[in-house]
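Good morning. Please look at the model on the screen, and I will go through its helices, its salt bridges and one surface patch.

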Amino acid sequence: MLAALTLVTGVAALLLAAWCGWAAHRDQPTKDWHFIGMAVVTLLALVQLVIGIVALARGEKPDQGTTIFVAYLLGAFACVPAAGFMSLTERTRWGSVTVAAGGVVLAVLEVRLYDIWGG
């Protein structure tokens, strides 16, 4: 797996979390710009998912097992879109808090993915 992509995705997730956390602090719901940020982070997670699956198809193996690696890849891909969907149902500051929490969760998942792969 690409360590650089994992780092970029994790940092982007933390930046999204900080941005949405700032919006929550200002008592604002998620806005269109936040959803653009979520799309960028989700695109990075999608690229990581594709690269991870291609690496597995080429015969490379993660240190801690293929099943857990794929589960974390899928979870990382679904994390921010799920938080974004939940923020649409809660159009208050708590929607922004939800996306901020999703960003932090994704950053933690990125660290764990790096560890599972053998980084």
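I will call a residue buried if its relative accessible area is under 20%, exposed if over 50%, and partly exposed in between, using a 1.4 Å probe and protein chains only. This is a predicted model, in which local features need pLDDT of at least 70 and side-chain atom pairs count only at pLDDT 80 or more, while totals for chains, interfaces and linings use all residues. Residues are numbered from 1 along each chain as its sequence is written, and side-chain values use heavy atoms, with hydrogens and water left out.

Start with helix α1. Helices are DSSP runs of H or I with at least four residues, numbered from the N terminus. Helix α1 covers residues 3–25, and its 23 residues reach 33 Å from first C-alpha to last, close to the 33 Å expected at 1.5 Å a residue. That expected span is 1.5 Å times one less than the number of residues.

Which residues of α1 are buried? They are L5, T6, T9, G10, A12, A13, L16, A17, C20, A23 and A24. These buried residues pack against α2, α3 (66–89) and α4 (93–117), where contact means heavy atoms within 4.5 Å. Just after α1, D27 has a positive phi of about 65 degrees.

Next, the record. An unreviewed UniProt entry places "transmembrane region" at residues 33–57, 69–88 and 94–114; such annotations may be inferred rather than shown by experiment. In the model, residues 33–57 are 100% helix and 0% strand, with end C-alpha atoms 36 Å apart. Residues 69–88 are also 100% helix and 0% strand, and their end C-alpha atoms lie 30 Å apart.

Now the surface of α2, residues 32–57, where L46 lies. L46 belongs to a nonpolar patch with L43, V47, V50 and V54, and together they have about 380 Å² of accessible area. Patch residues have over 30% relative accessible area and no salt bridge, and nonpolar side chains are joined within 5 Å. L46 counts as partly exposed because its relative accessibility is 33%.

How many salt bridges does a search of the whole structure find? It finds two, taking a salt bridge as a side-chain nitrogen of Lys or Arg within 4 Å of a carboxyl oxygen of Asp or Glu. One joins R58 and E60 at 2.3 Å, N to O. R58 is exposed at 64%, and E60 is partly exposed at 28%. The other joins D115 and R112 at 2.8 Å, N to O. D115 and R112 are three residues apart in helix α4, so about one helical turn separates them.

How values were computed. Patches are made of residues with over 30% relative accessible area and no salt bridge: like charges are joined within 9 Å, nonpolar side chains (Val, Leu, Ile, Met, Phe, Trp, Tyr) within 5 Å. Accessible areas come from the Shrake-Rupley method with a 1.4 Å probe; for residues, only the protein chains shown count as cover. Helices (H or I, at least four residues) and strands (E, at least two) are DSSP runs, numbered from the N terminus.
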